[in-house]
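Open the model in your viewer and keep the selection panel at hand. The stops below say what to select next and what is there.

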Amino acid sequence: MASLPEYLMSQGITQAEFAKRIGASQGFVSKLCKGTGTPSLELAARIECVTAGAVTALTWVDLSKVMVE
């Protein structure tokens with residue numbers, strides 16, 4: 001599993017090009033890369049599909065808040 005910035009760098013894709021692929025703005029992709037933005041569930045799923053699973057929807061989930069004891 002890769003982070004979004006790692007994926008973009010490894011694939012040689014600009015934030016602007018990736019934004020077009022997922023139907024978002026370049027500014028929002030920048031926020032996702034910086035960790036200051038959180039995608040909707042639908043957008044997170046689209047990112048996972050567009051990256052063929054390299055960047056999963058769980059990337060933006062704080063699992064410590066999901067896990068129950």
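The tour goes from helix packing to the nonpolar core and then to a loop.

This is a predicted model, in which local features need pLDDT of at least 70 and side-chain atom pairs count only at pLDDT 80 or more, while totals for chains, interfaces and linings use all residues. Residues are numbered from 1 along each chain as its sequence is written, and side-chain values use heavy atoms, with hydrogens and water left out.

**Stop 1: H2 and H3**

Select residues 15-22, helix H2, and residues 26-34, helix H3. Helices here are DSSP runs (H or I, at least four residues), numbered from the N terminus. H2 and H3 pack at about 105°, and their axes are 8 Å apart; H2 is therefore roughly perpendicular to H3 (65 to 115 degrees). The axes are lines fitted to C-alpha atoms over the stretch in contact, and angles run from 0 to 180 degrees between N-to-C directions.

Now show side chains. From H2, Gln15, Ala16, Phe18, Ala19 and Ile22 meet Gln26, Val29, Ser30 and Cys33 of H3, where contact means heavy atoms within 4.5 Å. By class, six residues of this contact are nonpolar, three are polar and none is charged.

**Stop 2: H2 and H4**

On the H2 side select Phe18, Arg21 and Ile22, which meet Leu43, Arg46, Ile47 and Val50 in H4. Five residues of the contact of H2 with H4 are nonpolar, two are charged and none is polar.

**Stop 3: the core**

Which residues of the largest nonpolar core touch the most other members? Select Leu4, Leu8, Phe18, Val29, Ile47 and Trp60, out of 16 residues in that core. Helix H1 (4-11), H2, H3 and H4 each give two or more residues to this core. Centre on Leu4: leaving out residues up to four places away in sequence, Leu4 touches Phe18, Val29, Leu32, Cys33, Val55 and Trp60.

**Stop 4**

Go to the loop between H4 and helix H5 (63-66), where Ala52 is found. Ala52 has a positive phi of about 55° although it is not a glycine. Is Ala52 buried or exposed? Ala52 is exposed (over 50%), with a relative accessible area of 72%.

Thr56 lies in the loop between H4 and H5 too. Thr56 is buried (under 20%), at 16% relative accessible area. Not counting residues up to four places away in sequence, Thr56 touches Met1 and Glu48.

How values were computed
Nonpolar A, V, L, I, M, F, W, Y, C, P; charged D, E, K, R; others polar. Parallel < 35°, antiparallel > 145°, perpendicular 65-115°, else oblique. Buried < 20%, exposed > 50% of the residue type's maximum accessible area, 1.4 Å probe, protein only. Core = buried A, V, L, I, M, F, W, Y, C linked by side-chain atoms within 4.5 Å.
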